[in-house]
Amino acid sequence: LKSKSIRNVDMESVYAEARTRGLLHEGSIKASGILYVNPAWCLAEIRVEEGREPSATPGYHLHPPLLDGSAMASSVLTRDNNDGSAQKLYIPLHYQSFFSREPLDRSCYAQLRSSSIQKTHEIRKMDIDFYDAKGRHIAALDGLTTKAVRNPDHIRTASLAKDVAAGLPPSETEVLVSVTGEGKRTTVDAKAIERTLRRIYS
């Protein structure tokens, strides 16, 4: 599949594009790798970077940045759309099913097919297949549903993190997060998080 790609895209450029739309990836959730792109599919060769995980990271059956990174890779298949959707930020809503024959730990290949992407208004659905380094199909995420964010100001994670760290109250348009560092943790209540999520998904 790599030899059949017509262009290669670094994952860093995918994250950079997401930042322009208000979504920031930092630390252990951020994957690295290369996307091999063809009009019919995208093959993502992604991995968890050494040194980005907390020192006491628990074992994962499916490592979060591999799943998140593979979903982020779908943007390279839709960025050339002419209906304006390519300029929107899409975030996960739910998924239909997931199965795994073995853990996806440090690296994997994820394949997204253009034929699996369905779009209805502001909703997108897609399927993602996962393979190991030997090309064995070891996992599948079907019916991953994402929704367009109408107002990018509803996701301003970076500026909010700075405000919380400085002890400032978050604005009504910012996502509420926990900030850790130097042995301290700032938390927010569940109702505040729920209100924020309702604004994002509205």
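Author: Here we go. D132 sits in the loop between strand 8 (123-131) and strand 9 (137-148). Strands are DSSP runs of E with at least two residues, and helices are runs of H or I with at least four, numbered from the N terminus.

Reader: What should I know about the model itself?

Author: It is a predicted model: local features need pLDDT of at least 70, side-chain atom pairs count only at pLDDT 80 or more, and totals for chains, interfaces and linings use all residues. Residues are numbered from 1 along each chain as its sequence is written, and side-chain values use heavy atoms, with hydrogens and water left out.

Reader: Fine. D132: buried or exposed?

Author: D132 is buried, at 11% relative accessibility. Buried means under 20% relative accessible area, exposed over 50%, and partly exposed in between (1.4 Å probe, protein chains only).

Reader: Which residues is D132 in contact with, leaving aside neighbours within four places in sequence?

Author: E102, Y109 and I138. Contact means heavy atoms within 4.5 Å.

Reader: And what lies 2.9 Å from a polar atom of the D132 side chain?

Author: The backbone nitrogen of K134.

Reader: Switching to salt bridges. How many?

Author: The count comes to 8. The rule is a side-chain nitrogen of Lys or Arg within 4 Å of a carboxyl oxygen of Asp or Glu.

Reader: Why do such side chains pair at all?

Author: Opposite charges on side chains can pair when the charged atoms come close.

Reader: Which residue does K2 pair with?

Author: K2 bridges to E45, with the closest N and O atoms 3.3 Å apart. That pair links distant parts of the chain, 43 residues apart: K2 is in the segment before strand 1 (7-10), and E45 is in strand 3 (residues 41-48).

Reader: How accessible are the two ends?

Author: K2 is partly exposed at 36%. E45 is also partly exposed, at 25%.

Reader: Which residues does the salt-bridge network link?

Author: E12, R19 and K30. Within it, E12 and R19 have their closest N and O atoms 3.6 Å apart. E12 is partly exposed at 33%, and R19 is partly exposed at 36%.

Reader: What about E17?

Author: E17 forms a salt bridge with R21, closest N and O atoms 2.8 Å apart. R21 is buried, at 17%.

Reader: Last one. Where does S75 lie?

Author: In helix 3 (residues 75-78). S75 is buried, at 18%. A polar atom of its side chain lies 3.0 Å from the backbone oxygen of M72.

Terms used. A polar contact is a pair of N or O atoms within 3.5 Å; within protein, one must be able to donate a hydrogen and the other to accept it, and residues adjacent in sequence count only if both atoms are side-chain atoms.
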